[in-house]
Amino acid sequence: MDEMEEELKCPVCGSFFREPIILPCSHNICLACARNILVQTPDAESPQSSRASGSDYDYLDLDKMSLYSEADSGYGSYGGFVSAPTTPCQKSPNGVRVFPPSVPHPPQAQHHLLPHTGVLPPVPRNSCLTCPQCHRSLTLDDRGLRGFPKNRVLEGVVDRYQQSKAAALKCQLCEKSPREATVMCEQCDVFYCDPCRLRCHPLRGPLAKHRLVPPAQGRISRRASPRKISTCTEHELENLSMYCVQCKTPVCYQCLEDGKHSTHEVKALGAMWKLHKGQLSQALNVLSDRATEAKEFLVQLRNMVQHIQENGVEFEACLVAQCDALIEALNRRKAQLLSRVTKEHEHKLSVVRDQISHCTVKLRQTTGLMEYCLEVIKENDPSGFLQISDALIRRVHMTENQWGKGSLTPRMSSDFDLTLDSGPLLQTIHQLDFVQMKVPAAPILQLEECCTQTNSATLSWKQPPLSNIAVDGYILELDDGNGGQFREVYVGTEMICTVDGLHFNSAYKSRVKAYNSSGVGQYSKTLVMQTSEVAWFTFDPASAHPDIILSNDNLTVTCNSYDDRVVMGNTGFSRGVHYWEMTIDRYDNHPDPAFGIARADVMKDVMLGKDDKAWAMYVDNNRSWFMHNNSHTNRTDGGISKGATVGVLLDFTRGILLFLINDEQQGPVAFNTLEGMYYPAISLNRNVQVTLHSGLPIPDFYTPGESEAAGSVC
């Protein structure tokens, strides 16, 4: 019941309703609060308004009297009402804007009773009241606030709610924190604490005769008191016993006698009470279903919160693990690259050190030779000098040659010729992002958009709600219409597909699945679609020879050439039993029209049956022949004339084709062992006109399914 509490509070004072009245806009307000927000208007400028309790409440007129500007700035004034200056609006505890009274009321006015009298103070003339919830305005009549009916039902609900919520009865007149009540006045029906009783209910004057009882006894007496009988707002001595359906308000017999509702539909109050209770109960049942759905939805959302939290933790852990793996791989690669740098470093040092060692030895030898030669040059013995000078000169030249070109050039550069190519890796790191890691969810077939028409089926589907998984395309599958294997009939990005050329009188199972780069998702639910029981078709202008003339919605056909021309039906058959007829509308000069079936690529400029793509019966006014691949067989007496009917029966269960003229079988079974896709066909010239009748029942004499051989009679 806690959720109901806001429904039981006044939009002006924010407290529980006390003596609520019903405004014509169906909103409620405390009687005292209604008096507090009244604004007086001058006599000469009083707007025309309906009576407070009347049925002619015009919201359009009231809109013109709105207290608020179009910008809803929080300030408003009555247009032309000089007694109501622009007054800042306030917000009630419930959050609706209300206007304070233009003249402050004494504290007693808060309790809507004149001291010592218990009577409502008079309402100023031409007072205007604005609903604090919908901001509708109207001018009160001479009855003032008494013109509004009291909402005794709401008053009783508030009373029961307060009694159920309050263990200890509280004072009803305390402004802030209600103190515990000490007495209850049975006449005023109000609970008082001691300070409020002394202030608002002194034991003198007319109030001295009121009976004060303990709160508990007052609660019992209030519960036991009989239900108050509502009285008419216009005739206070009359009880409300009827209900005006047009005005939607209870009325009394005096109202009917006055003639105000003479032209209105009036019903008994009790009957309308039961009727409206039933309507409210039905509406509550629907609302209860919505509330139940909302509760289930909230449970679903709460479960989603838990799942999101769990999945978030799991996903974060997975992300951290993946990044850690990348970091570990980078560290391993770093160690490998550092090892290569170390090897290069050691190699350079080894080469340079070897060169230093070699150069040092050579320099020592060269320096020793130079010192020796200098000492030899110091000798003064010519003969002794000449004995060794040639050898020394050769040694000096040889040593000098050893220091030839390149010997004093470093064998190794001090620079490291290794450059780390980190650009692609940095780019990859910057491009590191989440990719689609799941296959798509199962699509949902939209049943309201799926349908069949003759031997075509249209299917429509959509992605599940809240699904954000990328889809690259869809795969639609149908079975063979006879419980066989599924086969793909469409692959693409569209979400609607029409499949033509299905078998008649067949139940096709269909399903669809989605796919993306991660794989193929689950199938949708299987939908069974029934094609038409009989084959309705017309002649197909696209398949007709240019000389063919079609009319009557492509059901009537003739030709503008003396040569035979072929036209086919717009529907092909490959299963089932089919029967159609053609009525001869015109027949002149003994032509030979041909009737039968054909493949899609039949020749169109010769008689039907001249090639191996057609199976036909051609007929004149005396006899008929069967013809296929220009072979004539089974001449049969009996021809056609104007008004005759030619029937064609194609039975795939037995693989046969037979013909009828005027409801009688013409000759034996014409052809057998028929398999594949065939189209109804006819060839004719300008001397013949026929009208097609398709989708006909099988003739009574024919029983499908029995074995039959060519040349026998059905």
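**Notebook: cores, strands and salt bridges**

I looked up Met582 and found that, leaving aside residues up to four places away in sequence, Met582 touches Phe539, Phe595, Ala644, Thr645, Val646, Val648, Ile682, Val690, Thr691 and Leu692, where a contact means heavy atoms within 4.5 Å. I noted that this is a predicted model, in which local features need pLDDT of at least 70 and side-chain atom pairs count only at pLDDT 80 or more, while totals for chains, interfaces and linings use all residues. Residues are numbered from 1 along each chain as its sequence is written, and side-chain values use heavy atoms, with hydrogens and water left out.

Next I looked up the nonpolar cores, each a set of buried Ala, Val, Leu, Ile, Met, Phe, Trp, Tyr and Cys residues joined through side-chain atoms within 4.5 Å; buried means under 20% relative accessible area, exposed over 50%, and partly exposed in between, with a 1.4 Å probe and protein chains only. The largest core has 38 residues, and Trp580, Met582, Phe595 and Leu657 have the most contacts inside it. Among the elements that give two or more residues to this core are β28 (577-587) and β29 (594-598), and β28 supplies the largest share, four residues. A second, separate core of 23 residues includes Val12, Cys131, Leu145 and Phe148.

Strand β18 (residues 456-462) runs antiparallel to β21 and is joined to it by four bridges, and Ser460 has Ile496 as its bridge partner.

For salt bridges, I counted a side-chain nitrogen of Lys or Arg within 4 Å of a carboxyl oxygen of Asp or Glu, and the count comes to 13. Lys150 forms one with Glu19, the closest N and O atoms being 4.0 Å apart, and this pair links distant parts of the chain, 131 residues apart. Lys150 counts as partly exposed because its relative accessibility is 43%. Arg290 and Glu293 form another, at 3.7 Å between the closest N and O atoms, and both lie in helix α7 (residues 269-377), three residues apart.

Last, I checked pLDDT, the predictor's confidence in each residue, from 0 to 100: the mean for the protein is 81, and 83% of its residues reach 70 or more.

Definitions and conventions
Pairing = 2+ DSSP bridges.
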